[in-house]
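Student: I have a protein model open and would like to learn how to read it. Could you take me through it step by step?

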Amino acid sequence: METALRICPLCEATCGLTLTIDAGRLTGARGDRQDVFSAGFVCPKGATLPALDNDPDRLRRPMIRDGEHWREVDWPEAFAAVDAGLTGVVERHGRQAVASYLGNPNVHTLAGQLYSSLLARTLGSTNVYSASTVDQMPKHVSCGLMFGDPFAIPVPDLDRTDHLLMLGANPLESNGSLCTAPDFPGRLKALRARGGRLVVVDPRRTRTADLADEHVPVRPGGDAFLLFAMVHTLLAEDLADPGSLAEHTSGLDELRALAEDFAPEAVAAACGIEAEHIRTLARDLAAAPTAAVYGRLGTTAVQFGTLTSWLVDVLNLLTGNLDRPGGAMFPQPAHRGPGSSRSRPFRTGRWHSRVRGLPEAKGEFPAVTLVDEIATPGPGQVRALVTVAGNPVLSTPGGERLAEALPELEFMVSVDPYLNETTRHAHVILPPAPHSRSSHFDLAFNELAVRNNVRYSPPALPLGEGEADEGEILRRLVQIAAGQGPDADPDAVDEAEIARLLSRAVADPDSPVHGRDPAELAADLHPGGWAERRVDLFLRLGAYGDAFGARPEGLTLRSLLDAPHGIDLGALHPRVPAVLATESGRIEACPPPIAEDVARLRAGLAERRESLVLVGRRHLRSNNSWGHNVPRLNSGSNTCTLHVNPEDATRLGLEEGATATVSSGAGSVEALVEHTDTVAPGVVSLPHGWGHGVRGTRLSVAARNPGVNVNAVTDPSVVDPLSGNAVLNGVPVQVRPRD
């Protein structure tokens, strides 16, 4: 029996694991007590990594579909089929006829982070879609407009703050999101133990709300009204003080003018919170020695998602807590230089979708309009689709219509280890080897970490017979997309990327490698495969790197191999103005696109709010749609029931354990009723990611407990206009006993 260390790839907490290996098979997983970031913490998902690795339903060989039947093939045949399928569509219809969809798990693997976006760009089509537009795209857009960089997302300095105002987040169940913090529950308990204050704003009394000093049950979708009224209070009572950031900020006068219409009395009905309570929340935030405002899915997947995300950071700015210890800060990941990751300011709407005319954001169209591009004839119609670790039939609004449209594609290829609700429509499935057989380094989540750190996991196990590394699969798809055929050397992809990045670095007069020979630097990279060379490059050019010998004490991949539990890089530190990439070089407190959208929020003050509204929820054992085939994660309290407040249940005649019909203008589902006062009157809740058991899938555990797909009642025609994000929370519904 052996052990190996591994960064958990199953959620954003990125906990360190100690894996047990017996006869070439994972048999156990526990927290790594010596991990510099997680210090032994592990959640139920991480503990079941061996079950996910060994899942008998997991595909181990490529699959080609012949009609309704599947057959296993070897990798050369599979890649040849992909080459013929994609090349044929491009030759007949052009590159715009090919679309790509990138699912949430991409950001949890090194290969997904390196190659999925490169694949989408190489395909040469603007038809790019991802799970981001059913999740966090509003935060990218608001930060892009405020700071010039959609990846410059401030995170709460959890370990030093005195006051945390949290909206639409439930980290005791989710482990945190857009805020990488192993043992988030422990950090919140430590906040309170040192005399700090935790306030949770959420329409549900979640486990996180139960831990808080105060729970504020906001009306779903009303967070933007609440936050703007808090901004109004700070400005009206002269409590706003951006501190040292004032000299780096523009647009405060325009912000003050916009806030005039959002006095607490004006918004109280819209957000369900009394005016004086709103003022108290604002005053407490301003009076705290240090404070941070943090919002998550409940603030992004809503009607005013971008406005809400913007107002979160406006409050951090106005209270002097942006970019200061104990406030909301910009992490400094080891793979990035000290400045912004952007070479030009962020903007949206550079192109628009063919059918609905929706603007792109961060190079993507809204996921909800993928089906329109497939199903609507005409020039530019999507005829081929590449999905990578995505299940949009289950995870996006309008999924039933998408399931009807996918069989009409001329070709579809999916990189996925499962035959699921989406991949069952593919012509070819390319399954990557399990997580334990690949290297791991967190690019995305290190940019969101509450403490700067760096860790690397080499493969815990070698590839099994006939298995393919995810990096090789995606690199070969990149070459096929580039017209190089299925047999080109995949290492050429990395050598080209390495040469590009080094050429850019040596041309930069501010770079420590300025003027050096790119070929010489490339030859000095750590020997090994794609993962080792790429990670070594990022580290050596990063803020803490050795700059290829210019800073001998700096980081290299060898540093991490010699420190298997990771390296602590210290507490977050101020990064303004270096992190800014706006055209002005300043924080834009009131970006014009956001200012224009405030009119929509103002109009919302007059809307009548009488119907029930639906919100989602998260379980500790659930990770969207991709953990339900593990028995230990699809059991216990992880159930797909309709949460109804007892008052509403009595009024509507909804008996405990009976079946109710939940309907909206988009559709209806039937779900078992569960009475609970954890949801406020007027609010009902269904979890996201269920609706399994569809014919043609191979998810035996999930099929035994399928649940219902909440997206069937979510209207795909309704999106946040600035980001294109789907509106998943605050959906008006009717609920009645099943006929």
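Student: Which residues of helix α10 (residues 252–259) are buried?

Tutor: Before we start, this is a predicted model, where local features need pLDDT of at least 70 and side-chain atom pairs count only at pLDDT 80 or more, while totals for chains, interfaces and linings use all residues. Residues are numbered from 1 along each chain as its sequence is written, and side-chain values use heavy atoms, with hydrogens and water left out. Buried means under 20% relative accessible area, exposed over 50%, and partly exposed in between, with a 1.4 Å probe and protein chains only. Helices (H or I, at least four residues) and strands (E, at least two) are DSSP runs, numbered from the N terminus. In α10, the buried residues are Leu255, Leu258 and Ala259. Seen down the axis of α10, these fall within an arc of 95 degrees, so they line one face of the helix; the arc is that of the directions from the helix axis to the C-beta atoms.

Student: Which residues are exposed on the other side of α10, and what covers the buried ones?

Tutor: Asp253 and Ala257 are exposed on the other side. The cover over the buried residues includes α9 (223–236), α14 (305–318) and α23 (592–604). Contact here means heavy atoms within 4.5 Å.

Student: Which residues of α7 are buried?

Tutor: Phe184, Pro185, Arg187, Leu188 and Leu191 are buried in α7. Down the axis of α7, they fall within an arc of 165 degrees, so they line one face of that helix. They pack against β9 (163–167), α6, β10 (197–201), α8 (207–211) and β13 (292–295).

Student: How should I read a nonpolar core, and which residues touch the most other members of the largest one?

Tutor: In soluble globular proteins, nonpolar side chains tend to be buried together. A nonpolar core is a set of buried Ala, Val, Leu, Ile, Met, Phe, Trp, Tyr and Cys residues joined through side-chain atoms within 4.5 Å. The largest core has 90 residues, and Phe228, Met230, Val231 and Trp310 touch the most other members. Its largest share, 10 residues, comes from α9. Leaving aside residues up to four places away in sequence, Val231 touches Leu255, Ala259, Leu311, Val314, Leu315 and Leu318. A second, separate core of 60 residues includes Phe411, Tyr456, Ala481 and Leu501.

Student: Which residues lie nearest the centre of the second largest pocket?

Tutor: Among its 28 lining residues, those are Gln303, Val613, Gly730, Val731 and Pro732. This pocket holds about 460 Å³ of space.

Student: Which peptide bond is cis, and where is a positive phi found?

Tutor: Most residues other than glycine have a negative phi, and most peptide bonds are trans. Here a cis peptide bond joins Val576 and Pro577, with omega about 15 degrees. Pro577 sits in the loop between β19 (567–570) and β20 (587–588). Asn175 has a positive phi of about 70 degrees although it is not a glycine, and it lies in the loop between α6 (171–174) and α7 (184–193). Asn175 is buried, with a relative accessible area of 3%. Ala389 has a positive phi too, near 55 degrees.

Student: Is Arg608 buried or exposed?

Tutor: Arg608 is exposed, at 69% relative accessibility, and is found in the loop between α23 and β21 (612–615).

Note on methods: On a 1 Å grid over the protein atoms alone, a cavity is a set of points where a 1.4 Å probe fits but cannot get out, and a pocket is an open set with protein on both sides within 12 Å along at least five of seven lines; lining residues have an atom within 4 Å of a point. Grid points are joined across faces, edges and corners, and a volume is the space filled by probe spheres set on the points.
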